[in-house]
Amino acid sequence: MKTRYDVAVVGGAGHVGVPLSLVMADRGLRTLIFDINTAAVETLRSGRLPFMEEGGEPLLRRALRRQMLGFSQDPAQLRGIPAVVVTIGTPIDEFLNPNFSLLTRCIDGLLPHLTASQTIILRSTVAPGATDFLERYLRRRGSKVGLAFCPERVVQGRGVIEIQEIPQLIAATSPRALRVARELFSKIAPRVIEMTPLEAEFAKLICNTFRYITFAATNQLYMMCSQAGIDYLRLLEKVREGYPRMAYIPGPGFAAGPCLMKDTMQLFAFGRHSFPLGQVAMTINEGLPNFVVEQLRRRMDLRNKRIGILGMAFKADSDDIRDSLSYKLAKILRFEGAEVLASDEYVRDPNFLPKEEVCRRAQVIIIGVPHKAYRTLKFPRGVEVVDLWGITRNTHPAPRRNSE
Ligand SMILES: NC(=O)c1ccc[n+]([C@@H]2O[C@H](COP(=O)([O-])OP(=O)(O)OC[C@H]3O[C@@H](n4cnc5c(N)ncnc54)[C@H](O)[C@@H]3O)[C@@H](O)[C@H]2O)c1
């Protein structure tokens with residue numbers, strides 16, 4: 001079957017799919033975005049991005065103008081497209097196990113339209129062994145489609161830039177599928193690094209898990225210092241001064257978002273639910289909002305206190321609220337009887353207030369995430385500001401990104 005497309009991206013309207021599709025289309029690959037999210041697809045079709053993505057909009061407009069980008073929700077449209085990249089979400093379930101059925105259900109829907117001349121390139125983050133499992137799954141169903149696993153390692157929101165800067169890890173279950181993956185990613189990444197599927201699965205999870213553990217380490221040290229009455233941020237500045245071995249210690253803050261904890265838990269599940277370092281990291285990072293509230297509760301009665309949270313996204317200068325710890329913080333505060341006023345620079349929510357109004361009305365202000373706009377905020381005299389990140393101070397410690 002002849003197709004006009006070189007590549008399809010299943011989940012192409014999502015956070016991983018959009019930057020990948022845009023970069024591929026910009027590099028001259030005719031790209032089909034296949035996604036069940038009608039609203040996001042329509043937004044893209046109209047030349048706008050469904051979420052913030054640095055440098056994405058000019059690429060989108062150019063791709064649409066040059067007719068390099070197509071959209072579909074009909075799996076029959078995937079027929080004959082040589083490479084079908086799958087970027088759908090891979091959440092964990094309530095038992096902290098990877099929920100693989102979303103992926104297999106998605107693949108089930110595609111299979112009637114895929115033949116031996118095509119290759120599925122799995123890009124969603126999966127648990128170790130998942131690619132081999134999928135290989136067996138495909139063969140049991142009589143499918144001869146090729147299978148590769150090429151994980152995404154960019155920082156969310158900077159995918160368009162980083163896809164073109166970061167080496168791409170590629171792995172496959174056959175030499176032919178590896179060749180397809182190599183040819184595809186050689187067109188967009190500065191270089192490709194080949195490995196086995198199991199190595200690639202671990203490589204991706206290690207990248208996120210290591211960062212998550214690092215954030216937990218600094219967060220725990222922050223809590224300990226705070227309890228001892230020490231200003232951790234000031235201490236870090238002094239510790240780093242003239243001492244390069246500590247240059248990379250991140251500052252404290254909420255380590256949230258849809259990937260870091262989820263991917264740590266994928267290793268936890270792989271280790272048959274024994275991964276002490278990962279488990280402790282989760283306890284520390286997820287416990288930080290409780291610590292913040294507890295510290296306040298020791299000093300004041302939170303009942304009927306008006307508390308403002310500035311920044312509801314899961315990380316700075318992003319509009320993504322998935323698994324944001326600011327929401328957990330708000331929930332704990334409300335449980336304690338406080339009235340919560342929330343604000344964000346990028347997240348649209350009719351319940352949110354402008355930051356100036358929150359500053360004017362709140363008795364205590366907590367910085368949820370360090371959006372740049374908070375650097376120059378003026379707080380009324382007498383208002384207590386809880387700022388783990390140090391964004392409202394003039395001296396800000398080493399910048400950190402708390403997502404992939
Ligand atoms: N967000 C990141 O920065 C990032 C980075 C690296 C890896 N990952 C991994 O990539 C995967 C996707 O994450 P995301 O943040 O892009 O998720 P997302 O929810 O933003 O995007 C997933 C997209 O898949 C679509 N989709 C779901 N089921 C589908 C189906 N059956 N057919 C077609 N489309 C379908 C959804 O509508 C959505 O647009 C996850 O495994 C995640 O761990 C994410």
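Modeller: The largest cavity holds about 60 Å³ of space. A cavity here is a set of points, on a 1 Å grid over the protein atoms alone, where a 1.4 Å probe fits but cannot get out; lining residues have an atom within 4 Å of a point. Volume is the space filled by probe spheres set on the points, joined across faces, edges and corners. This is a predicted model, where local features need pLDDT of at least 70 and side-chain atom pairs pLDDT 80 or more, while totals for chains, interfaces and linings use all residues. Numbering runs from 1 along each chain as its sequence is written, and side-chain values use heavy atoms, without hydrogens or water.

Two cavities reach 30 Å³ or more. Arg123, Pro151, Glu152, Arg153, Val154, Ile163, Ile166, Pro167 and Gln168 line the largest. That lining has five nonpolar residues, one polar and three charged.

The second largest cavity has about 40 Å³. Thr90, Pro91, Pro98, Asn99, Phe100, Thr125, Val126, Ala127 and Gln266 form its lining. Five are nonpolar, four polar and none charged.

Thr90 is one of the residues that come nearest to the ligand, with His15, Asp35, Gln156 and Lys262, out of 24 around it. A backbone N or O atom of Thr125 lies 3.0 Å from a ligand oxygen. The protein covers 85% of the 820 Å² of accessible area that the ligand has on its own (Shrake-Rupley method, 1.4 Å probe). Gln156 places a side-chain N or O atom 2.7 Å from a ligand nitrogen.

Terms used. Near = heavy atom within 4 Å. Polar contact = N/O pair within 3.5 Å; in protein donor to acceptor, adjacent residues only side chain to side chain. 1 Å grid on protein atoms, 1.4 Å probe; cavity = no way out; pocket = protein on both sides within 12 Å on 5 of 7 lines; lining within 4 Å. Nonpolar A, V, L, I, M, F, W, Y, C, P; charged D, E, K, R; others polar.
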